[in-house]
Amino acid sequence: MPFVQGRLRQEHLSVVIETECAHCQQPIHIEMDSDLGYRVVEEGAEPLVYVPLLDVQKLDAPSIIDGF
């Protein structure tokens with residue numbers, strides 16, 4: 001995830017997520033950066049995009065990945 005790597009490295013990073021619509025299987029490309037900004041490349045596509053919140057102070061899991 002560019003957010004975590006960008007914060008750890010103190011660099012601006014970005015990633016392109018390639019996925020598809022669960023309903024019609026049309027390809028969807030989402031560009032995301034280390035500031036949690038995102039842009040959907042396909043015109044007219046409106047996928048549900050969210051960032052899950054996690055309280056790291058209360059995390060009992062052995063890894064942040066397990067917290068999700």
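**Salt bridge, sheet and surface**

Searching the whole structure turns up one salt bridge, meaning a side-chain nitrogen of Lys or Arg within 4 Å of a carboxyl oxygen of Asp or Glu. Before the details, the basis: this is a predicted model, where local features need pLDDT of at least 70 and side-chain atom pairs count only at pLDDT 80 or more, while totals for chains, interfaces and linings use all residues. Residues are numbered from 1 along each chain as its sequence is written, and side-chain values use heavy atoms, with hydrogens and water left out.

Which residues form the salt bridge? Arg39 pairs with Glu31, and their closest N and O atoms are 3.1 Å apart. In general, side chains of opposite charge can pair when their charged atoms come close. Arg39 has 44% relative accessibility, so it counts as partly exposed. Glu31, at 30% relative accessibility, also counts as partly exposed. For these classes, buried is under 20% relative accessible area, exposed is over 50%, and partly exposed lies in between, with a 1.4 Å probe and protein chains only.

Next, the fold. The protein chain has one helix and three strands, in the order α-β-β-β from the N terminus. These are DSSP runs numbered from the N terminus: helices are H or I with at least four residues, strands are E with at least two.

The three strands make an open antiparallel sheet, ordered S1-S2-S3. Strands pair here if DSSP finds at least two bridges between them. At the edges are strand S1 (14-20) and strand S3 (38-40), each of which pairs on one side only. S1 and S2 are joined by seven bridges in the antiparallel sense.

Now Asp33, which sits in strand S2 (residues 27-33). What does the side chain of Asp33 reach? It reaches the backbone nitrogen of Asp35 at 2.9 Å. The side chain of Asp33 also reaches the backbone nitrogen of Gly37, at 2.8 Å. A polar contact is a pair of N or O atoms within 3.5 Å; within protein, one must be able to donate a hydrogen and the other to accept it, and residues adjacent in sequence count only if both atoms are side-chain atoms.

Last, the chain totals. Of 68 residues in the protein chain, 13% count as buried. The accessible surface is about 5,900 Å², with 53% belonging to carbon and sulfur atoms, by the Shrake-Rupley method with a 1.4 Å probe; for residues, only the protein chains shown count as cover.
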